[in-house]
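Dear colleague,

I am pleased to hand over the structure shown below. My notes on it follow, arranged by region, and I would be grateful if you would read them beside the coordinates.

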Amino acid sequence: MTKYSIYIFLSLFIFNLSLAKNIDIQEDIEIGYVCELEKKILKNSEYNYKTFLAKDLNEKNLDQFKIDAKQPEKLSINGLSVFLSENTKFDVKVVNKDIVLFKAFDNDKNYSESGIINRKSGELVHEITKDLKSENFEKDISFYVCS
């Protein structure tokens, strides 16, 4: 659990640093991953950041998660969600030898998806936030191990 807390803190720290420079694609990459769901944290009207292990969920792993980045600012994410696969306008795009960080909003800025993958360890965190403009926003945070 401590490992995940440190990883979340590090992810948020890197994410905050990247806001100063929302687009920073330093490498051309075309990578495919197979990712296994480890756990999910839910925050909604029923759960307040409750953690569920993969074995307790009826969700699939990611068989075809692909990242394609081209300098200076092209980034496409496929296989993680339909929203990200169909989106070509990311608000945050950071790609370097260690991480790929991305965040996208819908047109109304009421829904967002973000993610960070550590390219060395294969750890992926994917966050979906719904009803951003509401006090009762919902979060779905998934943790994967990718290879």
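Strands in these notes are DSSP runs of E with at least two residues, numbered from the N terminus. With that in mind, D140 belongs to strand β10, which covers residues 138-146. Please note that the model is a predicted one.

**D140 and its surroundings**

The side chain of D140 forms a polar contact with the side chain of K40, at 3.3 Å. With residues up to four places away in sequence set aside, D140 touches K40, I41 and L42, and also H126, E127 and I128.

C35 is in strand β2 (residues 29-43) and C146 in strand β10, so the pair links distant parts of the chain, 111 residues apart. What is the handedness of this disulfide? The torsion about the S-S bond of C35 and C146 is about 110°, and the disulfide is therefore right-handed. Both cysteines, C35 and C146, are buried.

**Charges over rings**

Two lysines deserve a look in the viewer. K39 places its charged end over the ring of F143, 5.1 Å from the ring centre. K43 lies over the face of F137, and here the distance to the ring centre is 4.4 Å.

Strand β7 spans residues 99-105 and is mostly covered, with six of its seven residues buried. On one side of the pairing scheme is strand β6 (residues 92-95), which pairs with β7 in the antiparallel sense over four bridges. Within this pairing, V92 has K103 of β7 as its bridge partner.

L101 has its bridge partner in β8, namely I116. The hairpin of β7 and β8 has five residues between the strands, and K109 in that hairpin takes a positive phi near 55°.

**Aromatic pairs**

How many aromatic pairs are there? The count comes to four. One of them is formed by F83 and Y111: the ring centres are 4.9 Å apart and the planes stand at 75°, so this pair is edge-to-face. Because F83 lies in helix α2 (residues 82-86) and Y111 in strand β8, the pair ties together parts that are 28 residues apart in sequence. Is Y111 buried or exposed? The relative accessible area of Y111 is 19%, and since buried means under 20%, Y111 counts as buried.

**D24 in strand β1**

D24 is located in strand β1 (residues 23-25). The side chain of D24 makes a polar contact of 3.0 Å with the side chain of Q26. Apart from neighbours within four places in sequence, D24 is in contact with K93, V94 and V95. The C-alpha atoms of D24 and N96 are separated by 8.1 Å, although the two residues are 72 residues apart along the chain.

I would welcome your comments on any of these points.

With kind regards

Conventions:
Residues are numbered from 1 along each chain as its sequence is written. This is a predicted model: local features need pLDDT of at least 70, side-chain atom pairs count only at pLDDT 80 or more; totals for chains, interfaces and linings use all residues. Side-chain values use heavy atoms; hydrogens and water are left out. Buried means under 20% relative accessible area, exposed over 50%, partly exposed in between (1.4 Å probe, protein chains only). Two strands pair if DSSP finds at least two bridges between them. A polar contact is a pair of N or O atoms within 3.5 Å; within protein, one must be able to donate a hydrogen and the other to accept it, and residues adjacent in sequence count only if both atoms are side-chain atoms. Contact means heavy atoms within 4.5 Å. Rings of Phe, Tyr and Trp (its six-membered ring) pair if their centres lie within 6.5 Å; planes under 30 degrees apart count as stacked, over 60 as edge-to-face and the rest as tilted. A charge sits over a ring if NZ of Lys or CZ of Arg is within 6 Å of the ring centre and within 35 degrees of the ring normal. A disulfide is a pair of cysteine sulfur atoms within 2.5 Å.
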